[in-house]
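User: I am new to reading protein models. Please take me through this one in short steps.

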Amino acid sequence: MIGTIKKTIGVLSFSILCACGSQSATTLQGAIYADPSQPVERRVEDALSRMTIEEKVALLHAQSKFSSAGVPRLGIPEVWCTDGPHGIRPEVLWDEWDQAGWTNDSCTAFPALTALAATWNRDMSLLYGRSIGEEARYRRKDVLLGPGVNIYRTPLNGRNFEYMGEDPCLAAKMVVPYIEGVQSNGVAACVKHYALNNQETGRMTVDVEVDDRALYEIYLPAFKAAVDGGAWAIMGAYNRYRGEHCCHNKRLLNDILKGEWGFDGVVISDWGGVHDTRQAVENGLDMEFGTWTDGLKSGSKNAYDSYYLADSYLDMLRKGEASTETLDDKARRVLRLIFRTSLNSEKPLGSLNSPEHLEAARKIAGEGMVLLKNDNGLLPVDLSGMRKILVVGENAVKMMTVGGGSSSLKVRHECSPLEGIRAAVGDRAEVVFERGYVGDLSGSYNGVLTGQDLGESRSEEQLIADAVRAAAEADIVLFVGGLNKSDHQDAESFDRMVYGLPYAQDRLIEALAEANERLCVILVSGNAVAMPWVDRVPAILEAWYSGSEAGNALVDIILGKVNPSGKLPFSFLRKIDDCAAIAGNYFPGGEKVEYGESIFVGYRHLDREGIEPLFPFGHGLSYTTFEYDGLTADRSEMDRKGSIELSLRVTNTGDRDGSEVVQLYIGDEESSLPRPVKELKDFRKVELRKGESRVVTFTITPDMLRFYDPQKGWTAEKGEFKAYIGASSRDVRATIGFRLS
Ligand code: BGC
């Protein structure tokens with residue numbers, strides 16, 4: 001049955017393609033490019049050979065906010081892009097950011113990428129990619145603008161929630177299945193923002209100074225993995241590197257991406273990230289979007305013709321100032337994208353906001369939540385004998401899928417934490433809500449309205465007093481706070497101004513802890529925050545931005561239907577000064593930002609300086625316990641062509657089924673250049689029934705031992721190494737030494 005459908009689609013798209021163009025169907029019938037049974041590369045070359053210079057240039061720039069032209073004469077369709085990366089952006093007007101007003105574009109909001117990274121589970125990433133790809137396909141989009149893999153360099157970056165944490169190995173391993181999943185739908189993943197877009201302050205201009213070690217070891221590996229994993233598109237970043245904007249940066253695009261890594265896809269600019277025709281032509285950009293245009297609204301001609309890669313490029317070509325080889329290379333890449341996506345006759349039809357997608361969102365969200373602390377087994381909440389549950393905090397009711405910049409979404413329904421808790425508790429206990437603090441009252445983004453009225457007339461003092469009074473009478477207090485998607489919180493275009501929780505939440509939490517010792521703090525955020533009250537609160541859960549099913553996923557964890565198994569994708573610092581980047585000149589947002597800390601980002605810095613984090617990278621508790629034992633290696637020495645296999649036993653020693661993420665870190669005991677104490681190299685997520693044991697194996701290969709020597713390139717030096725097996729970067733359960741000869 002499926003085969004028949006696919007075949008029919010194949011023939012259909014072939015005949016549509018033949019019918020669209022003004023050339024006669026007979027001419028196109030013989031055309032290789034129009035024949036879906038031909039290999040993509042032959043189709044690309046054939047199409048290219050039939051195109052005029054004007055048609056080629058038309059492929060390279062936008063014709064609306066999110067689309068570019070095809071070649072109507074040849075029946076080659078337009079390219080349609082969409083944000084990304086957490087759901088499919090609602091349809092906007094042709095030339096505006098405002099809504100098109102469709103009533104059939106409500107999507108599933110999947111959890112933010114921090115939550116996905118926190119699952120440490122590649123299967124979740126594949127499920128995410130496949131599901132969001134189906135939604136993109138259903139909405140007839142060819143390019144999904146995501147995922148984002150910029151490294152978490154500081155907790156102040158407003159866009160960290162759209163990325164996959166501080167570690168290049170984790171981000172690299174988690175990004176690939178997402179891409180695979182998206183692209184299995186005939187939709188390109190456009191991995192962003194390449195590269196060094198690690199802050200929002202001055203994001204359009206700031207010039208990043210970073211040494212080659214940090215570039216290759218920290219900031220590029222996830223992009224390289226995406227390319228090796230077959231990504232069809234990459235988005236350039238807004239910022240500059242070595243004085244050139246990243247959307248037309250010779251070193252990043254021509255030398256590294258297309259040269260060293262052999263990327264055969266398209267480089268798409270970030271929206272408004274192009275600044276110069278010659279650089280855009282010569283330095284590796286393929287498609288230009290979002291350039292200061294207001295489309296057809298003002299001026300005497302189509303403003304899209306004024307794009308850097310439009311009329312001025314044509315002008316250069318006509319005067320012989322730009323080479324046709326470069327033009328052909330760009331056009332070839334865009335054609336390849338079109339044959340891989342919209343003209344892919346195998347692509348499925350997709351689906352939007354289906355029960356399966358909501359289920360996937362709930363599953364991923366539950367698996368990503370990180371139980372940071374759980375003294376005296378406060379969680380999971382046992383409802384027997386419980387009369388009153390107090391839920392406090394604005395984030396228990398505030399919709400989080402609207403806001404935060406380009407990742408803002410429109411959903412049919414978002415299940416809030418309070419709603420999820422009320423639905424699951426039912427009449428087994430009374431659930432009382434107190435606002436506790438006022439954060440962000442806004443409820444709209446680009447014309448999408450939450451419809452929530454968050455107006456509040458009580459003073460800060462009164463809100464705290466009311467919450468405290470209710471806390472004294474409750475059997476348990478669930479505080480749901482954190483950050484939100486407003487400016488200077490977790491949002492695009494701005495960075496956070498402070499590391500602490502906003503809106504007097506710290507005071508409120510202290511007061512609640514005083515009133516009731518059975519207090520659980522649930523953070524909804526995409527970033528770490530300071531926790532001056534950490535010792536006075538018995539249970540803390542990081543719940544992230546969890547999308548459409550946020551409340552249901554949260555209550556799955558709180559009531560123990562799902563046993564937490566998320567692990568932190570970045571370190572939680574005790575204080576902001578413990579961040580190497582802040583000490584290393586992050587603020588103020590001047591012209592240049594120097595990555596003075598080099599490779600010592602996140603736990604690499606904390607380990608080197610012996611700084612105790614609040615909660616370490618890789619940390620996350622479970623309602624059960626796991627024991628590790630019997631770490632062995634099949635040999636103690638390997639050469640550059642060899643490998644070593646490690647194995648150990650992990651046992652679920654508690655009284656519930658659960659999953660554990662076993663982490664492999666490696667440290668170089670002696671090296672010619674400074675290296676981190678240890679670095680994550682691999683991980684396994686294992687599901688274990690209570691009492692069950694499993695053997696986990698890791699293969700250590702020489703490439704895991706390499707560092708980037710600015711003189712020699714990637715190098716693995718002979719000598720002693722140490723493998724660390726941990727339940728987090730600080731909870732090391734076993735080590736074993738070995739040699740590279
Ligand atoms: C963002 C991108 C986004 C694009 C299109 C830009 O401002 O940086 O991540 O994909 O807009 O909305």
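**Charged pairs, ligand and fold**

User: What does Arg50 count as at 26% relative accessibility?

Analyst: Buried means under 20% relative accessible area, exposed means over 50%, and partly exposed is in between (1.4 Å probe, protein chains only). Arg50 has a relative accessibility of 26%, so Arg50 is partly exposed.

User: What kind of model is this, and how are residues numbered?

Analyst: The model is predicted, so local features need pLDDT of at least 70 and side-chain atom pairs pLDDT 80 or more, while totals for chains, interfaces and linings use all residues. Side-chain values use heavy atoms, without hydrogens and water, and residues are numbered along each chain as its sequence is written, from 1.

User: Which residue meets the side chain of Arg50 in a salt bridge?

Analyst: A salt bridge here is a side-chain nitrogen of Lys or Arg within 4 Å of a carboxyl oxygen of Asp or Glu. Side chains of opposite charge can pair when their charged atoms come close. The N to O distance is 3.2 Å, and the partner is Asp46.

User: How many salt bridges does the model have by this rule?

Analyst: One of them joins Asp668 and Arg675, at 2.8 Å from N to O. Asp668 and Arg675 are buried. Salt bridges with shared partners also link Glu394, Glu434, Arg435, Glu456, Arg458, Asp466 and Arg469 into one network. By the rule, the count is 66.

User: Glu217 and Arg213 are how many residues apart in helix α8?

Analyst: Their side chains form a salt bridge, with 3.0 Å from N to O. Both residues are buried. Helices are DSSP runs of H or I with at least four residues, strands are runs of E with at least two, and numbering starts at the N terminus. Helix α8 spans residues 212–219, and about one helical turn separates the pair, so the spacing in residues is four.

User: How many residues surround the ligand?

Analyst: The closest are Asp83, Arg159, His193, Tyr238 and Asp270. The shell divides into six nonpolar, two polar and seven charged residues. In total, the number of residues around the ligand is 15.

User: How much of the ligand's exposed area does the protein bury?

Analyst: Polar side-chain atoms lie 2.5 Å (Asp83), 2.6 Å (Asp270) and 2.8 Å (Glu492) from an oxygen atom of the ligand. A polar contact is a pair of N or O atoms within 3.5 Å. Areas come from the Shrake-Rupley method with a 1.4 Å probe. Alone, the ligand exposes 310 Å², and the protein buries 96%.

User: Which strands stand at the edges of the open sheet of four strands?

Analyst: Two strands pair if DSSP finds at least two bridges between them. The order is β8-β7-β5-β18, with mixed pairing. Each edge strand has a single partner strand, so one side of each lacks a neighbour in the sheet; the edge strands are β8 (244–245) and β18 (592–594).

User: Which residue in β7 is the bridge partner of Asp207?

Analyst: Strands of a sheet pair through backbone hydrogen bonds, parallel or antiparallel. Strand β5 (residues 207–209) runs parallel to β7 (residues 240–241), and two bridges join them. The bridge partner of Asp207 is Arg240.

User: Which residue does a cis peptide bond join to Tyr194?

Analyst: Most peptide bonds are trans. Another cis bond in this model joins Leu379 and Pro380, and Pro380 lies in the loop between β10 (370–374) and β11 (388–392). At the bond to Tyr194, omega is about -5 degrees, and the partner is Ala195.

User: What is the phi of Trp120, which is not a glycine?

Analyst: Most residues other than glycine have a negative phi. Trp120 sits in the loop between α5 (113–119) and α6 (122–138). Trp120 is buried, because its relative accessibility is 1%. Its phi is positive, at about 50 degrees.

User: How far apart are the C-alpha atoms of Arg140 and Ser571?

Analyst: Arg140 lies in the loop between α6 and β3 (143–145). With a relative accessible area of 53%, Arg140 is exposed. Along the chain, Arg140 and Ser571 are 431 residues apart, and their C-alpha separation is 39 Å.

Technical notes:
Near = heavy atom within 4 Å. Polar contact = N/O pair within 3.5 Å; in protein donor to acceptor, adjacent residues only side chain to side chain. Nonpolar A, V, L, I, M, F, W, Y, C, P; charged D, E, K, R; others polar.
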